[in-house]
Each structure stands twice: as C-alpha cells, then as structure tokens.
Amino acid sequence: MENVPRSALLVTPHQDDAEGGCGGTIGAWTKRGTEVVYVLCTNGDKGSSDPNMTSPRLAEMREREQQNAANVLGVKEVVFLRHPDGGLEDTLELRAQVVREIRRHKPEIVMCTDPFRSTSHTHRDHRVSGMVALDAVFTYAWSYLHFPKQIQNEGLEPHRVKEIYLWGSEAPDTYVDISESVDAKAQSLSQHVSQMREPQKLQERIRSRAKSVGERAGLPYAEAFRRIHSNPGFLHWAEF
Ligand SMILES: [Zn+2]
C-alpha cells in the first residue's frame, strides 16, 4: 500500500487491542505523517488472572500502559472513555461519545474490530465497539440532525469518514506492509506489562505472526484488514 491516510481514528475495546491488531500499521503511518487518535472504550479493569489484583488498581495501571504504548507508536492522543471491562453496551451514550471524537478529530479513516465473525467467537466488548464504530461513521457522525447539541453547543461539525479498516477480520482484503514497524509493534505491546506472560518471546511471536500474514500478500511482514469504503450520502440515496 503506497498511500497513507492523512488521519486515522481507532475505536478500540481494551488496552493492547490497538497495538495487537494494527500497531505495525499505526507505526508505519505515523512515521509518514498520519495523525492518529485512539478512542479507548473500556478501562480494562478485568484483564488479570492475579487473585490479589483489584479492578481500580488494574484500571490505573492499564491506562498508564496504554499511554506508554501509544507514545511508542507516535499516537497524537488517547481518549479514555473508561467504560467497565466486559460491560460495554451499544447505547446512545457510547454512540454519542464516538461520534463526538469523529467530529472533533475529522479522521480520513476509522479503524475498529470487525464485529461480524461467524467461525470464531470474539470478546463481547470487541463486537460492541466494532458495531458502535461502524454506526457512528454511518449514519450518526455525518448528519446535522444526529446529536445536534454537539453542533449547537460544542462547536462541532458533521464529518464524513472516507473509509473504515476492520481488524481481526475473517475475510481481510487489504494488507499493509509493516516491515519497517514490526519491531515498533512489539515494543509498543511490551508496554502492556500487566498483560505480559512471556515478554522475552514477544518480539519473535509478533515477527512470526506478521510474516505469516505477509505471505498471503507477498509481503515480508504485514497486517490484514477488511476495508469498507464509506460514502454514506451516495449509498443512502442510491438505495432509492
Ligand atoms: Zn480486547
């Protein structure tokens, strides 16, 4: 892939999902000038197998880890929505929060987890955050009549996102070469200390996974996405 987007906004369910799903792509793009923002939906306060860990302590640790990981990849801002881990619901409130960030940052593309999977299960928060992100792009973010108070009271404008990149897809159609950022991906993931079981094997694991994804596209190392072109106005009216 030759062209990089001007800006990208990721709607990501938990700490470390963004780096695991597209850390190589983010690292490659920010190096070439893409402005990247994360919207992190949950506080990750259940992601521990330590019986002595508490949710408030874990949430605090993971927020710090997420910020460090984003810094490694040159991410401009992490927006922490802090919904409870495993408690993400497809509500008007969450949709409004995601729409607000889309209108605030005006990204060219939005990235999120693919909520449509039929041959493997995925975490509920992944399904919900993916669905909410897709709905926020179309139709909520672009219409003056959705969440009008954001426009009247917060000085925001409707925004049309050009494309959506879904990670964790069963049917990827787009491969991004991450040869130059595969190690940055591993380094960003290594910031999630509370989630690390075998940190010494991380870099090799990331390289080997990216290599096998790359083989499908004739690239040395890659990440895979399902890409949805988003021209909501056109699609909407074309239906009639
Ligand atoms: Zn997750």
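View 1. The model is predicted, with local features requiring pLDDT of at least 70 and side-chain atom pairs pLDDT 80 or more, while totals for chains, interfaces and linings use all residues. Residues are numbered from 1 along each chain as its sequence is written, and side-chain values use heavy atoms, without hydrogens and water.

**View 2. Histidine and aspartate coordinate the zinc ion.** The donors (N, O and S atoms within 2.8 Å of the metal) are His14 (ND1), Asp17 (OD), Asp17 (OD) and His126 (NE2), at 2.0 to 2.7 Å. Along the chain they follow the spacing H-x2-D-x108-H. His14 belongs to the loop between strand 1 (7-12) and helix 1 (17-31), and His126 to helix 4 (residues 124-140), so the pair ties together parts 112 residues apart in sequence. Helices (H or I, at least four residues) and strands (E, at least two) are DSSP runs.

**View 3. Helix 4 carries His126.** With 16% relative accessibility, His126 counts as buried. Other buried residues of helix 4 include Asp125, Val128, Leu134 and Tyr140.

**View 4. Strand 1 is largely enclosed by the rest of the structure.** Six of its six residues are buried: Ser7, Leu9 and Val11 lie on one side, and Ala8, Leu10 and Thr12 on the other.

**View 5. Strand 1 pairs with strand 2 and strand 4.** Pairing requires at least two DSSP bridges. Six bridges link strand 1 to strand 2 (residues 35-42) in the parallel sense, with Ser7 partnered by Glu35. Strand 4 (residues 109-113) also runs parallel to strand 1, through four bridges; there, Met111 is the bridge partner of Leu10.

Notes:
Donors = N, O, S within 2.8 Å, 3.2 Å for Na, K, Ca; no water. Buried < 20%, exposed > 50% of the residue type's maximum accessible area, 1.4 Å probe, protein only.
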